[in-house]
Amino acid sequence: MHSRDLKSGFIFLIFSLLVFYESLRVGIGTLSKPGSGFLSFCAGMVLFGLSLMFIYRGWNVREARTIHSRRVILALAVLIVYSLVLDVLGFIVATFLAVAALFGVQTSRPWWAVLAISAFVTLLAYLVFGVLLHVFFPPGFLGI
Amino acid sequence: METLQSLAYGFSICLQPMNLFYGFLGVLMGTAVGVLPGLGPAAAISLLLPTVFHVPGVSSLIMLAGITYGAQYGGSTTSILLNIPGEASSVVTCIDGYQMARQGRGGPALGIAAFGSFIAGTISLVGLILFAPALAAAALRFGPPEYFSLAFMALTLVAYLTKGSVARSVAIACVGIVISLVGLDPITSGSRFTFGFRPLIDGFDIVIVAMGLFGMSEVLENIGTSSRQVSVLSTGTRMKDIFPNRADWKNSVKPIARGTLIGFFLGMIPGTGNAIPTFISYAVERKFSKYPEKFGTGVIEGVAGPEATNNAACSGHFIPLLSLGIPANPSTAILLGALMILGFQPGPLLIESHPELFWGLVASMYTGNVMLLVLNLPLIGLWVRMIKIPYSILSVLIILFCEIGAYSLNTSMADVLLMNLFGLVGYMMKRYDFSAAPLILAFILGPMLERSLRQSLILSHGSPTIFFLRPISLVFICLAVALVGSTCLAGRRLGEKAIDMKEV
């Protein structure tokens with residue numbers, strides 16, 4: 001597999017090109033009147049140079065394949081979906097489902113234990129943050 | 001002598017039962033606020049601002065002030081035990097504090113954080129009492145070139161924040177600078193790097209970035225490791241295992257002393273906040289240490305110095321506030337509002353016209369520090385027990401904690417999504433061997449760097465010599481060059497050593 005230096009070099013290269021594009025779009029101004037994109041352009045230049053260095057360094061290097069745990073991918077998916085449905089489902093429903101899913105990803109406990117712990121954790125979070133600390137939580141379409 | 005008499009007068013004010021009660025309430029709320037990510041001291045103070053209408057003036061100010069320095073104590077708890085910084089000023093404590101907790105030394109880390117904060121808070125109060133007016137005048141000499149040079153010097157510290165390649169630290173710091181510029185340009189109000197996404201108009205909040213990069217990424221990494229128990233392996237919960245031992249104290253004395261000085265003097269400068277001094281303190285400790293390569297693996301100096309710094313900086317913030325009416329950060333800005341509501345005019349005449357306010361507030365900061373020590377030390381055993389919870393449950397609790405913290409910032413789903421995305425970024429950074437510390441430092445410094453750079457160049461009509469012609473700015477530039485030079489030299493020496501060893 002390609003080395004981490006090579007991969008990160010290409011990521012930084014793309015990032016720095018994006019930075020150049022946006023900096024020039026908003027305008028870098030002049031030395032006597034620096035524009036919105038002045039500092040980002042400077043940072044982009046440094047990053048561009050370093051990305052080329054990483055690419056050069058990692059070009060002929062081979063490393064073992066980086067394996068990402070299935071559990072991490074599932075947990076991330078749960079979190080992304082949670083943040084997207086939070087307003088729609090409401091805090092209690094969304095949190096209960098997310099917590100249950102996260103427990104399910106990590107443990108091999110029976111389903112009823114997972115649901116019971118999830119319900120307890122959700123209720124506790126609601127009581128502490130929602131009731132005691134008055135954090136506003138979205139009620140969702142069920143109104144709870 | 002007159003100062004001692006005034007201080008005695010201040011204690012007679014703050015030791016009144018009502019003021020003691022409100023002081024305790026303030027530090028208690030401050031500690032809770034510091035522990036909870038998402039709710040910073042500025043937000044807590046603003047929520048309690050209406051109390052000034054119902055509670056006697058000095059009492060309400062004592063309470064509000066208690067929140068600011070109480071938050072510094074609380075922020076270290078989650079940083080050390082869970083790698084979740086409760087406040088921006090607790091970010092750097094995560095680096096070594098969390099590693100200490102993983103090695104079964106969470107108790108000593110929490111203990112030295114509490115004691116270090118107390119010592120720094122006490123010493124810096126002496127500085128506040130003795131030097132407030134004179135130091136405030138010096139702080140006012142900071143203009144845009146000085147702020148830029150200070151930020152630039154602080155940025156060169158990225159080389160000292162991680163063990164790995166300096167090039168990787170600089171690269172990730174550049175990313176941090178760019179991320180800090182997302183949103184509205186503070187000078188022209190034009191949007192940049194938003195790409196049409198409305199949630200990005202306000203930019204990224206430091207709490208979102210820090211929770212994602214540190215807390216969430218750590219949890220994700222641990223979830224990916226099979227059957228791993230992150231909690232303390234075999235720590236005792238006996239008193240002697242919970243508190244710092246003699247060796248810990250021996251290693252922490254100088255970092256606490258240095259951290260106090262760094263925090264106090266930098267805290268006086270409006271706009272630096274609490275976070276920048278902590279990064280500088282960490283880098284200084286690494287520079288002075290006999291074993292800098294151990295930083296990042298769980299050394300107590302990496303906790304003692306920054307924790308002393310953030311508390312000393314808190315006291316430093318009160319110097320420009322009380323002497324000149326200039327707030328140093330959002331928390332003191334709201335305190336300034338409280339002072340004005342109550343009819344007090346901050347400035348050189350405040351001490352003479354309202355001695356009960358000035359000296360009562362100063363004395364209450366000392367009693368507040370004592371209360372915080374008494375409050376936090378007994379809780380250490382409880383916190384250490386907490387992290388023995390099975391990680392499959394603890395990780396979910398941590399995630400939930402972060403999600404709620406992110407949502408509570410602006411009651412926005414977008415903040416939650418952004419934090420999760422930063423968690424993904426932080427996880428990938430760990431897998432690609434990039435440290436988050438340089439990114440966070442650059443993120444914090446970015447706005448100050450940009451604003452001061454542009455203002456300086458406008459003032460000088462484009463001439464960069466402005467940074468070299470002003471004495472304070474020149475000092476910072478020279479320090480930055482010296483830091484970069486010493487890093488290169490150390491790198492060359494290590495290289496030569498390697499060549500020598502190979503030849504032998």
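Chain B contains 23 helices and two strands. Helices (H or I, at least four residues) and strands (E, at least two) are DSSP runs, numbered from the N terminus. The model is predicted: local features need pLDDT of at least 70, side-chain atom pairs count only at pLDDT 80 or more, and totals for chains, interfaces and linings use all residues. Residues are numbered from 1 along each chain as its sequence is written, chains are lettered from A and ligands numbered from 1 in the order in which they are written, and side-chain values use heavy atoms, with hydrogens and water left out.

Of the 504 residues of chain B, 61% count as buried. Buried means under 20% relative accessible area, exposed over 50%, and partly exposed in between (1.4 Å probe, protein chains only). Among contacts in chain B with a separation of 6 or more, 78% come from residues 24 or more positions apart. Contact means heavy atoms within 4.5 Å.

Two packed helices are described by the angle between their axes and the distance between the axes. Within chain B, helix H2 (residues 17–35) and helix H17 (residues 355–376) cross at roughly 55°, and their axes come within 10 Å. Axes are lines fitted to C-alpha atoms, for helices over the stretch in contact, and angles run from 0 to 180 degrees between N-to-C directions. H2(B) is therefore oblique to H17(B). Angles under 35 degrees count as roughly parallel, over 145 as roughly antiparallel, 65 to 115 as roughly perpendicular and the rest as oblique. The crossing of H2(B) and H17(B) is right-handed. A crossing is right-handed if the near helix is turned clockwise from the far one by less than a right angle, and left-handed if anticlockwise. On H2(B), the contact is made by B:Leu20, B:Gly23, B:Phe24, B:Val27, B:Leu28 and B:Thr31. H17(B) contributes B:Gly368, B:Met371, B:Leu372, B:Leu375 and B:Asn376. By class, the residues of this contact are seven nonpolar, four polar and no charged. Ala, Val, Leu, Ile, Met, Phe, Trp, Tyr, Cys and Pro count as nonpolar, Asp, Glu, Lys and Arg as charged, and the others, Gly among them, as polar.

Helix H3 (residues 70–89) of chain A packs against helix H20 (residues 413–431) of chain B at an angle of about 165°, with the axes 8 Å apart. H3(A) and H20(B) are therefore roughly antiparallel. H3(A) passes H20(B) in a left-handed crossing. Contact residues of H3(A) include A:Val72, A:Leu76, A:Leu79 and A:Ile80. Those of H20(B) include B:Met413, B:Val416, B:Leu417 and B:Tyr427. The contact of H3(A) with H20(B) has 13 nonpolar, two polar and one charged residues.

The structure holds 20 aromatic pairs over all chains. Rings of Phe, Tyr and Trp (its six-membered ring) pair if their centres lie within 6.5 Å; planes under 30 degrees apart count as stacked, over 60 as edge-to-face and the rest as tilted. The ring centres of A:Phe20 and A:Phe41 are 5.1 Å apart and the planes lie at 50°, so this pair is tilted. The pair links distant parts of the chain, with A:Phe20 in helix H1 (residues 4–26) and A:Phe41 in helix H2 (residues 38–58) of chain A, 21 residues apart. A:Phe20 is buried, at 15% relative accessibility. B:Phe21 and B:Tyr22 form an edge-to-face pair, with ring centres 5.3 Å apart and planes at 70°. B:Phe21 is partly exposed at 47% relative accessibility, whereas B:Tyr22 is buried at 17%. One aromatic cluster is formed by A:Phe12, A:Phe54 and B:Phe434.

A:Leu6 is also found in helix H1 of chain A. A:Leu6 is buried, at 5% relative accessibility. Not counting residues up to four places away in sequence, A:Leu6 touches A:Phe54, A:Ile55, A:Gly58 and A:Trp59. A:Leu115, in helix H5 (residues 111–132) of chain A, is partly exposed at 35%. With the same exclusion of residues up to four places away, A:Leu115 touches A:Phe96 and A:Ala100.

Most residues other than glycine have a negative phi. B:Asp433 has a positive phi of about 65° and sits in the loop between H20 and helix H21 (437–459) of chain B. B:His461 also has a positive phi, near 55°. B:His461 lies in the loop between H21 and helix H22 (466–469) of chain B and is exposed, at 68% relative accessibility.
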